[in-house]
Amino acid sequence: MKVVWTISAIMGLILGSMSLALAQDTGSLSGRITFAGDPPAKKKLDITKDKEVCGTVEHFDESLVVGSDKGVANVVVTVLGAKGGKFASQKVELDQKGCRYTPHVVVVPTTGQLDILNSDGILHNIHTYSTANPSINKAQPKFKKVLTEKFGKPEIIKTSCDAHAWMTAWIVATDHPFVGVTDEKGNFTIKDVPPGTYKVEIWHETLGKQVKDVSVKAKEGAKLTVELAKK
Ligand SMILES: [Cu+2]
């Protein structure tokens, strides 16, 4: 018994130090995406249907969300060609609450699944506009609390609800975890990136795409600041 315990303790130490070594050999990439010019005013949307549910939250146009300090939200930052890494979770959620998708941009592993929740208890519809993956056009009645979908090919997919014209979300299907989405302040962080020189893709639904070269060094945090302008 004692021997078994000792062996497992040694194995634990070895495995522990191995994963520690792996973590130390990676770097991170963080930064900020800003808007060139004056931040556009928030545009409030008129809710014309199912007001008793959809009207419980305020709705704003989310196609371009810029903070007062010019940070752009919902920008997808992807490190192209980085190998390995681990997803935080294979199960990701997209909620429909107050007839609004949360989050607006959701990152889903191509090996994982997206659980689309209907917290509203009214009829929604999931309509995806994809090219690499099969398109989805499914009703989600009030009793259907969860709809589970898979996206096997990497792609950024526009998603909307045919029942509520203002509802839009973006599904980022990815085969690696080196993807970040900017927060309300335009900040993003991508952890555990293997050292190397990469092309980094910056994508926003309204402001388009840019590609930058970035070098990530072991145990160091690389920084990237990009300004996006209206096309
Ligand atoms: Cu809907």
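**Entry 1: a covered strand**

I opened with strand β2 (residues 76–80), where four of the five residues are buried, so I call β2 mostly covered. By buried I mean under 20% relative accessible area, with exposed over 50% and partly exposed in between (1.4 Å probe, protein chains only). My helices (H or I, at least four residues) and strands (E, at least two) are DSSP runs, numbered from the N terminus.

A note on the source: I am reading a predicted model, in which local features need pLDDT of at least 70 and side-chain atom pairs count only at pLDDT 80 or more, while totals for chains, interfaces and linings use all residues. Residues are numbered from 1 along each chain as its sequence is written, and side-chain values use heavy atoms, with hydrogens and water left out.

**Entry 2: the partners of β2**

Next I asked which strands pair with β2. I count two strands as paired if DSSP finds at least two bridges between them. One partner is strand β12 (residues 179–181), antiparallel to β2 and joined to it by three bridges. There I found V76 opposite V181 of β12. Strand β14 (residues 196–204) also runs antiparallel to β2, with five bridges between them. On that side I saw L80 with K199 of β14 as its bridge partner.

I stepped back to N74, which sits in the loop between α2 and β2. Is N74 buried or exposed? I found it buried, at a relative accessible area of 12%. I then looked up its contacts, meaning heavy atoms within 4.5 Å. Leaving out residues up to four places away in sequence, N74 touches E62, V65, H104, V105, V181, T182, W203 and H204. V181 was already in my notes as the residue opposite V76.

**Entry 3: the copper ion**

Which residues hold the copper ion? I noted H124 (ND1), C161 (SG) and H164 (ND1), at 2.0 to 2.2 Å. Donors here are N, O and S atoms within 2.8 Å of the metal (3.2 Å for Na, K and Ca), and since water is not among the atoms, sites may look incomplete. Along the sequence the donor residues follow the spacing H-x36-C-x2-H. H124 and C161 link distant parts of the chain, 37 residues apart: H124 belongs to strand β7 (residues 124–129), and C161 to the loop between β10 (155–160) and β11 (168–174). I checked their cover too: H124 is buried at 0% relative accessibility, and C161 is buried at 3%.

I found a cis peptide bond between T102 and P103, with omega about -5 degrees. P103 is in the loop between β4 (101–102) and β5 (105–109).

C99 has a phi of about 60 degrees; its loop runs between β3 (91–96) and β4, and C99 is buried at 0% relative accessibility. D50 has a phi near 45 degrees and lies in the loop between β1 (27–35) and α2 (51–54). With a relative accessible area of 25%, D50 counts as partly exposed.

**Entry 4: the whole protein**

I have two helices and 16 strands on my list. Of the 231 residues, 43% are buried. Among contacts with a separation of 6 or more, 63% are between residues 24 or more positions apart.
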